[in-house]
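Keep the viewer open as you read.

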Amino acid sequence: MKKLSKQALAGMTALSAFALSVPAEAAAPAEYKQEAMAEIDANAKLVQEMVDSVFSFAEPGFQEFKTSEYLTGILAEHGFTIEMGAAGIPTAFTATWTHGTGGPKIALGSDIDGLLGLSQVPGSPQLRPLVEGAPGHGEGHNSGMPAIVAAALAVQELMVKHDIPGTLMLWPGVAEELLATKAFFVRDGMFDGVDASIFMHVGRNFGTSYGDGGGNGMVSVEYTFSGKTSHGAGAPWEGKSALDGVELMNAAWNMRREHLYPTQRSHYVITNGGGQPNIVPGVASVWYYFREREFDSIRKLYEIGNTISEAAAMATDTTVTRRLLGYAAPQHANKPIALAAQANIEMVGMPAWTEADQAFAKAAQIANDREIEPLATEVSELVDPADRPRSIGGGSDDIGDVMWAVPTITIRFPSNIPNMIGHHTTAAIAMATPIAHKGAVAGAKATALTVLDLLTTPELVAEAKKYQQEVQFKDTKYDPVLTAEDMPGIHLNKEIMDQMRPKMEPYYYDPSRYESYLDQLGISYPDLATGK
């Protein structure tokens with residue numbers, strides 16, 4: 001960890017008061033860690049097959065049926081107990097394995113959903129859909145759970161070999177792109193009894209962080225206006241336009257933006273604008289994301305939206321109902337676990353990129369008019385709150401809810417190309433290539449080593465819980481908008497997948513016949529990378 005400046009130290013009053021560092025003995029034996037890394041290297045082919053398979057399934061939120069079936073099948077073969085339907089979500093699961101009695105329970109998770117309309121041929125520097133209009137992994141969520149599975153299988157071997165007691169619980173982040181499930185997981189007790197949690201997310205670099213994540217929390221809510229249909233030309237005075245309610249709400253919200261804090265982010269789409277122009281719409285809906293930095297400001301933004309929706313309904317003589325579709329808490333990662341993970345990340349080091357890897361990354365950047373930057377060759381420094389400028393708002397991730405339930409960190413692993421665009425097909429280009437495979441292997445190693453630290457050193461678990469109680473919870477308490485009556489939006493994306501799945505199934509990866517997905521698609525990665 002780099003030395004902090006006097007100015008940075010002065011800005012860390014709460015953290016300085018905690019004065020915590022990981023005890024020197026809070027680490028697993030070095031020989032255990034070497035054995036774990038060797039186990040993961042031995043499973044590198046399985047990692048590649050999992051990364052490529054999940055990429056080929058390309059299922060969006062709540063429709064990850066093939067992905068969940070595939071991953072749980074592998075885990076069941078290795079003795080994990082599978083429970084499907086977590087929090088009433090068909091594609092959500094827990095996979096649990098215990099050795100001995102006592103020992104901590106460690107949760108390991110990563111997201112699995114793709115994004116609508118981002119189908120992309122992997123290994124092609126140019127944008128080229130594999131299936132026109134189909135979903136794709138334009139954020140790289142196909143790589144995280146394969147890395148988690150590889151880490152868990154390695155730790156499982158070590159737990160048996162060295163008689164290390166404890167429990168591993170694997171779980172997928174379903175519909176993260178909709179920010180629609182983790183708050184439900186927490187509400188319904190998925191993390192009850194868990195002592196510590198490690199989450200993984202794809203990135204361009206290799207590192208972790210602690211403290212306030214700097215992004216926004218969020219509420220996802222759909223407002224449905226109900227009016228009265230009528231002939232749009234013959235008797236418009238008989239109608240009460242639900243679409244007028246939607247449009248008036250949107251106009252009022254856009255005027256209100258000027259008087260909201262600059263940290264807020266809000267956006268909407270009209271999900272139902274009516275049927276045809278000559279029928280006054282009797283039903284219309286608009287879907288909003290409200291984002292802010294803190295629990296109370298998130299709630300206030302949501303309440304403003306509710307008030308405006310009701311005012312729009314009154315003005316148009318319609319009625320309005322709302323359905324909460326998702327929630328994401330502000331993030332706060334655990335310092336002791338992050339310190340342990342950073343040491344392990346530095347022990348693992350960056351993947352050994354080949355000339356072909358670097359050339360392919362450059363070719364993709366050039367083809368898509370992105371800034372040229374080589375694949376990183378050094379791990380990132382630990383990110384602490386003093387390293388971050390004052391946040392002016394930004395994106396959200398519902399791992400924040402898990403962070404308030406149990407001491408949690410996120411490890412970002414290097415499976416993608418620098419300077420690609422998030423939520424865009426450019427971010428899918430490398431996600432079934434050697435770049436993605438190598439990054440997932442590196443991430444699996446860092447995760448496995450950190451799990452071993454947690455399993456073998458009670459001091460680390462105790463310090464993680466102490467940090468959460470004395471620092472994270474000192475001035476802030478978990479206060480989600482989600483209620484006991486809210487239900488996950490499992491209907492989302494079903495219609496599009498009913499249309500697209502038959503077109504996508506012929507492109508599912510078959511590892512029994514092909515060495516890699518690029519091989520199955522007839523793509524010669526080195527040739528493309530060198531331009532020959």
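Leaving aside neighbours within four places in sequence, Phe-413 is in contact with Ser-143, Gly-144, Met-200, His-201, Val-202, Gly-203, Asn-205, Phe-206, Gly-439, Ala-440 and Gly-443 (contact here means heavy atoms within 4.5 Å). Phe-413 sits in strand E12, residues 408-414; helices (H or I, at least four residues) and strands (E, at least two) are DSSP runs numbered from the N terminus. The relative accessible area of Phe-413 is 0%, so this residue is buried (buried is under 20% relative accessible area, exposed over 50%, partly exposed in between, with a 1.4 Å probe and protein chains only). Phe-360, 53 residues away in sequence, is 19 Å from Phe-413 in space, C-alpha to C-alpha.

A word on the ground rules: this is a predicted model, where local features need pLDDT of at least 70 and side-chain atom pairs count only at pLDDT 80 or more, while totals for chains, interfaces and linings use all residues. Residues are numbered from 1 along each chain as its sequence is written, and side-chain values use heavy atoms, with hydrogens and water left out.

Now to helix H4, residues 44-57, whose end C-alpha atoms are 20 Å apart, in agreement with the 20 Å that 14 residues should span at 1.5 Å a residue (the expected span is 1.5 Å times one less than the number of residues). H4 is mostly covered, with 12 of its 14 residues buried. What does the covering? Among the elements over the buried residues of H4 are helix H5 (65-77), helix H6 (144-161), helix H13 (434-456), helix H15 (494-504) and helix H16 (517-521).

On a 1 Å grid over the protein atoms alone, a cavity is a set of points where a 1.4 Å probe fits but cannot get out, whereas a pocket is an open set with protein on both sides within 12 Å along at least five of seven lines; lining residues have an atom within 4 Å of a point. Grid points are joined across faces, edges and corners, and volume is the space filled by probe spheres set on the points.

The largest pocket holds about 1300 Å³ of space. Of its 50 lining residues, Glu-139, Glu-176, Gly-395, Ser-396 and Asp-397 are the closest to the centre. E12 is one of the elements that give two or more residues to this lining, and strand E9 (283-292) is another. The pocket lining divides into 17 nonpolar, 22 polar and 11 charged residues.

E9 also pairs with E7, antiparallel over 10 bridges (two strands pair if DSSP finds at least two bridges between them). Tyr-223 has Val-286 in E9 as its bridge partner. E7 pairs with strand E10 (residues 319-328) too, antiparallel over nine bridges, and there Phe-225 is partnered with Val-320.

Technical notes:
Nonpolar A, V, L, I, M, F, W, Y, C, P; charged D, E, K, R; others polar.
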